[in-house]
Amino acid sequence: MVASGDGFPWLEAVAVFNTAVFLVHTYLDTRQQHALRLPAPPPVVAHLYSKEEFEKKRAYNQDKLRYSMVHGQWDFVLNTGLLLAGFLPATWRLAGALLARWGWDGEIPQTVAWVLIQACLSLVLGLPWSAYATFVLEARHGFNKTSPKTFLLDAAKSALLGCLLLPPVVAGFTYILQRSSPYVGLYLWAFLLALSLFAVTAYPTLIAPLFNTFQPLEAGPLREGIEELAASLAFPLRKLFVIDGSTRSAHSNAYMYGFGSNKRIVLYDTLIQQCSREQVVAVLAHELGHWKLRHMPKLLAAHQAVSLVQLLLFTLVRTSPSLFASFGFPAGQQPALGAFLLFNAVIGPFDEVLGLLSNLLSRRFEFQADAF
């Protein structure tokens, strides 16, 4: 790490690196475009597709890739422009001015307002892209089942959840950041670990039902087949649900959740509609393979180890005057959460390497679950 107070051009370094990453990703996407133009699938999997199925899948993936590339270009230009224009210090001052008008002060309230301003802008800027992906891209290929009313209700629910959940999380995180203890990195890590465990528990039981209806899978051959599979692996299946995924998309999916001996499996109704009993059980055999091979605990442990290292590195630069000055924060205006946000921008190279390693590990785990 560069020592604090040395005047290192952090902002310029981040902008240069982000540009390099964007160019590399664009190059890789261009290579993928060429791959998607191949007239036939590789011989090893050619028997799995009819010509019509292959053409449909190729057309859909080509459209998705074009959308992703244009969206990525927009995000790069926007984020780089905002970064260079001093978006972070400007919105920090705006948050302070708004609170002053209401007679409030203090770093924690200002930080909460700062994050909410950024979240609102992100939501507004992201809605058109989400609408296009849903009502144009997905609809063009017959996958969209979302009505405009459902789309708007989902957006409103997400915004309301953000307004309810973000303030206490940001306040708690900022409170810890304000501590000068040498163990602040450990405190932050413990806080984020507790938060992630809470999210894993709360999302399927409290949040997901706000968007989808969960019904127990009715008795029959499919339920019997799933229960037999779970019993053969000693998987502690307690509940088996079907959700109305068809109200939003024709895509199918399945997942499992729960801790210890209280496991639950969720099937999308589209999976049941599109697949035979044997195919649904095969999909779940893959998912249970992840459980049997303990992939999730391994990924969680790896993620927490990396998170701890990052937070310990953060403690080395969180009070660096040159870091704040480089991004446009004047002396005396150095919010605790701002240091964390800037640090995350600075360690971009580290994150890119971690992303590559994470993809390699995930790929390995997927092959192992397939083999299982």
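**Entry 1: the ground rules.** I counted a contact wherever heavy atoms lie within 4.5 Å. Among contacts in the protein chain between residues at least 6 apart in sequence, I found that 71% join residues at least 24 apart. What I have here is a predicted model: local features need pLDDT of at least 70, side-chain atom pairs count only at pLDDT 80 or more, and totals for chains, interfaces and linings use all residues. Residues are numbered from 1 along each chain as its sequence is written, and side-chain values use heavy atoms, with hydrogens and water left out.

**Entry 2: the whole chain.** I looked up the secondary structure and got 13 helices and 4 strands; these are DSSP runs numbered from the N terminus, helices being H or I with at least four residues and strands E with at least two. Along the principal axes, the C-alpha atoms fill a box of roughly 70 × 50 × 40 Å.

Entry 3: Of the 372 residues in the protein chain, 33% are buried. I used under 20% relative accessible area for buried, over 50% for exposed, and partly exposed in between, with a 1.4 Å probe and protein chains only. The chain exposes about 21300 Å², and carbon and sulfur atoms supply 66% of that; the areas come from the Shrake-Rupley method with a 1.4 Å probe, and for residues only the protein chains shown count as cover.

**Entry 4: the cores.** Which residues touch the most other members of the largest nonpolar core? I noted Leu177, Leu188, Phe327, Phe329 and Leu337, out of 34 residues. A nonpolar core here is a set of buried Ala, Val, Leu, Ile, Met, Phe, Trp, Tyr and Cys residues joined through side-chain atoms within 4.5 Å. Elements giving two or more residues to this core include helix H1 (10–36), helix H5 (148–177), helix H6 (184–207) and helix H12 (336–346). H12 provides the largest share, 7 residues. I then followed Leu177: leaving out residues up to four places away in sequence, Leu177 touches Val184, Leu188, Phe314, Arg318, Ala336, Leu337 and Phe340. Apart from this core lies another, of 18 residues, including Leu222 and Val281.

**Entry 5: two loop residues.** Where does Ala234 lie? I found Ala234 in the loop between helix H7 (221–232) and strand E2 (237–243). Its phi is near 60 degrees, a positive value in a residue other than glycine. Ala234 is exposed, at 58% relative accessible area. Arg294 sits in the loop between helix H9 (277–292) and H10, and its phi is near 60 degrees too. Arg294 is exposed, at 53% relative accessibility.
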